[in-house]
Each structure stands twice: as C-alpha cells, then as structure tokens.
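Here's a quick tour of a protein model, written for someone just starting out. Keep the 3D view open while you read.

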Amino acid sequence: MDEAIGNIIDTLKTTGLYNNTVIIFSTDNGGAVTQGGNNWPLRGWKKTLWEGGIRAVGFVHSPLLPKQVQGTINNELIHVSDWFPTIVEGLAQGDINGTKPLDGYNVWPCISSENETSPRKEILHNIDPLTVIHNGTQWENSSFDVRINAALRSGDWKILTGVEGSVGWVVPPAYDIPNIPVVVENQVLFLFNVTADPSEHDDMSGKYPKVVDMMLEKLARYNDTAVPCTYPSPERFADPDLHGGVWGPWR
C-alpha cells in the first residue's frame, strides 16, 4: 500500500496536479484482532460498536491547506457521510441543493481552520433490529428497546445498547501484560463520556440516568425514520459452483 500511494503522489507531482490536489486518507473501521489487527488502548474490535471497532483515524494532505493547520491534529467530530458535501461544496464550490436531504455536513471550514468547530454534533453509529440480546436487562420506561444492537454519539456522550459487556481490551503482545477481562452479567446498555474516557472504562449509566433517557429518546427518534431491514432468503441457484466457479447472473 505504501508503494502504491507513493506512486500516486509521484504521478501527481510529475503531471503538475499535486499543487491543486487534496488527498483524503481514512480507515473504515477498527482492526480485526483475529487477523493481526489491534486497537489498543481502545475497547473492542472490527464489527463491534465499541470505540475500537468504529473510531477511525485519517488525514487530509494538500498544499492548499493553510500553513498554520498543516501538521496539526484535528479532534473535531467528522463522519464518513461528511466527505461528499465537504468535497462538493467545501472544495469544489459546487451546489448540493439539488441532492436529496443529506446526513453529511461540509466540514472543510473546520479542517482548514484552527478555530472553526465541526457542525456535526451527533453520529448515529448503528441501529440493527435483527441483532438482539433477548435475555438482556431492559431500561425502565425506555422509548427504545435496549436489547437491540445500537450506538449513538451525541456531544461528549456515547450510548451503546444490545452489546455484550464482556467485550474488552486486547493488549499488544509487545506490552507483555495480559488482556483486560470484563465480566458483566445481563447488562446490555452502557453510557460513556468518550471525550474524557475514549477507552470506555467507566460506565456512567448508573450515575447519569437522565442522560441515558435523553440518549434513548434520540435513538427512538432515529429508529422511527429507519427503513425496515430486508434480508432475502438464500438463493441456492446463485452458488458459483453451478456457474463455472464465478459469481454472476443466475436467472
């Protein structure tokens, strides 16, 4: 990958395009610990809603960036859906008024300035009504079924529902210390201040029940606008073994 990216940068420079190019590089999710990935000190891994599975790192590189922000760290809240309006409106000065209502925001001002904050204040990480912990403990008078797998970030707060509390932290081998075990029976709801506690050690749900209620109301409102999930039954005639070992139209 390093060589391929280097080849792209070299080509941009030799063709005279580099000085008018913005390079955006981002991971899509946390590492899979069963495949050599590691997310320490974050909790969890790929395919989980803990920070180790969803907190992504990336960078924006360009000579078009002001000198004062080049080489700096930006901790503003940015989601993958923000890249489309950021590139079209923020960089290309295009018009997005003709598009459907967008979930994303133009975050170029907060990337290209030291003082601008992100317009994004929330990230709905997921609501998966097909993944449910049926024996999980319900939250009293909740407007959202907390046994459903979901996560929401709002400001400093993050709520997780329908998750296994036994998901912990995988320590890199070089640290020569054991993994940190977690034993939580039946609890499926967790609340964290992920600004102060990005590694999700201190569950605040018992201390701040009103914050939990507020976050669950937000999840319920998001869920009311969701399109129902549709998972068609398996189609045995699509099996590549029936078509010369390749995926393709089967009807």
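This is a predicted model: local features need pLDDT of at least 70, side-chain atom pairs count only at pLDDT 80 or more; totals for chains, interfaces and linings use all residues.

The protein has 251 residues, and 33% of them are buried.

**Overall layout**
- Count up the secondary structure and you get five helices and six strands.
- Starting at the N terminus, the order of elements is α-β-α-β-α-α-β-β-β-β-α.
- The C-alpha trace covers about 60 × 55 × 50 Å along its principal axes.
- If you take contacts between residues at least 6 apart in sequence, 59% of them link residues at least 24 apart.

**Helix H5**
- H5 is built from 16 residues, and from its first C-alpha to its last it reaches 22 Å, close to the 22 Å expected at 1.5 Å a residue.
- Its buried residues are Val211, Val212, Met215, Leu216, Lys218, Leu219 and Ala220.
- Strands E3, E4, E5 and E6 are included in what covers those buried residues of H5.

- Nonpolar side chains in soluble globular proteins tend to be buried together.
- Here, the largest nonpolar core holds 18 residues, and Phe144, Ile159, Leu191, Met215, Leu216 and Leu219 have the most contacts inside it.
- Strand E4 (148–154), strand E5 (157–161) and helix H5 (209–224) each give this core two or more residues.
- H5 supplies the largest share of the core, with six residues.

**Glu200, a buried charged residue**
- You'll find Glu200 in the loop between strand E6 (190–193) and H5.
- Is Glu200 buried or exposed? Its relative accessibility is 0%, so Glu200 counts as buried.
- Leaving out residues up to four places away in sequence, Glu200 touches Arg43, Trp50, Glu51, Lys158, Leu160, Trp169, Phe192 and Val194.

**The second largest pocket**
- This pocket has a volume of about 440 Å³.
- It is lined by 15 residues, and Asp103, Ile123, Leu124, Tyr222 and Thr225 are the closest to its centre.
- Strand E3 (residues 122–132) gives the most to the lining of this pocket, namely five residues.
- By type, the lining splits into seven nonpolar, four polar and four charged residues.

Notes. Residues are numbered from 1 along each chain as its sequence is written. Side-chain values use heavy atoms; hydrogens and water are left out. On a 1 Å grid over the protein atoms alone, a cavity is a set of points where a 1.4 Å probe fits but cannot get out, and a pocket is an open set with protein on both sides within 12 Å along at least five of seven lines; lining residues have an atom within 4 Å of a point. Grid points are joined across faces, edges and corners, and a volume is the space filled by probe spheres set on the points. Helices (H or I, at least four residues) and strands (E, at least two) are DSSP runs, numbered from the N terminus. Ala, Val, Leu, Ile, Met, Phe, Trp, Tyr, Cys and Pro count as nonpolar, Asp, Glu, Lys and Arg as charged, and the others, Gly among them, as polar. A nonpolar core is a set of buried Ala, Val, Leu, Ile, Met, Phe, Trp, Tyr and Cys residues joined through side-chain atoms within 4.5 Å. Buried means under 20% relative accessible area, exposed over 50%, partly exposed in between (1.4 Å probe, protein chains only). Contact means heavy atoms within 4.5 Å. The expected span of a helix is 1.5 Å times one less than its number of residues.
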